[in-house]
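Subject: Structure for you to look at

Hello,

Here is the structure I promised to pass on. Please open it and keep it beside this email while you read.

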Amino acid sequence: MFAIIAAVIFGLALILDWANVRASDAFTPQTLLTAGLLCIALHLAGLGTSTRRWGRRR
């Protein structure tokens, strides 16, 4: 799940960079890049990737 979020964030950062959009200081392509890298790191650490089985197996 975090990998999909990171891909969306990277895409948004790329579009903002290509369009030379000047937004506020908190919403820059570099900030989005850092957020995307954080999501990739969380994905590689195993967060959001496990599935749970609620039933007992016999």
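In which helix does Thr-34 lie? Thr-34 lies in helix α2. Before we go further, please note that this is a predicted model.

**The two helices**

Start with the helices themselves. Helix α1 covers residues 2-19, and helix α2 covers residues 29-45. Their axes come within 8 Å. They cross at roughly 165°. Angles over 145 degrees count as roughly antiparallel, so α1 and α2 are roughly antiparallel to each other. The crossing of α1 and α2 is left-handed.

**Residues in α2**

Go back to Thr-34. Its relative accessible area is 52%. The cut-off for exposed is over 50%, so Thr-34 counts as exposed.

Now take Ala-35, which is also found in helix α2. Ala-35 has 28% relative accessibility, so it counts as partly exposed. That label covers values between the buried limit, under 20%, and the exposed limit, over 50%.

Ile-40 is another residue of helix α2. Ile-40 is partly exposed, because its relative accessibility is 29%.

**Pairs apart in sequence**

Next, look at some C-alpha distances. Thr-34 and Ala-13 are 21 residues apart along the chain, and their C-alpha atoms are separated by 9.9 Å. Ala-35 and Ala-13 are 22 residues apart along the chain. The C-alpha atoms of Ala-35 and Ala-13 are separated by 9.9 Å. Ile-40 and Ile-4 are 36 residues apart in sequence. From C-alpha to C-alpha, Ile-40 and Ile-4 are 9.0 Å apart in space.

**A patch on the surface**

Ile-4 turns up again here. Which residues form a nonpolar patch on the surface? They are Met-1, Ile-4, Ile-5 and Val-8. Together they have about 410 Å² of accessible area.

Pick out Ile-5 from that group. Ile-5 sits in helix α1. Is Ile-5 exposed or partly exposed? Ile-5 has 35% relative accessibility, so it counts as partly exposed.

Find each of these residues on your screen as you read.

Best wishes

Conventions. Residues are numbered from 1 along each chain as its sequence is written. This is a predicted model: local features need pLDDT of at least 70, side-chain atom pairs count only at pLDDT 80 or more; totals for chains, interfaces and linings use all residues. Side-chain values use heavy atoms; hydrogens and water are left out. Patches are made of residues with over 30% relative accessible area and no salt bridge: like charges are joined within 9 Å, nonpolar side chains (Val, Leu, Ile, Met, Phe, Trp, Tyr) within 5 Å. Accessible areas come from the Shrake-Rupley method with a 1.4 Å probe; for residues, only the protein chains shown count as cover. A salt bridge is a side-chain nitrogen of Lys or Arg within 4 Å of a carboxyl oxygen of Asp or Glu. Helices (H or I, at least four residues) and strands (E, at least two) are DSSP runs, numbered from the N terminus. Buried means under 20% relative accessible area, exposed over 50%, partly exposed in between (1.4 Å probe, protein chains only). Axes are lines fitted to C-alpha atoms, for helices over the stretch in contact, and angles run from 0 to 180 degrees between N-to-C directions. Angles under 35 degrees count as roughly parallel, over 145 as roughly antiparallel, 65 to 115 as roughly perpendicular and the rest as oblique. A crossing is left-handed if the near helix is turned anticlockwise from the far one by less than a right angle, and right-handed if clockwise.
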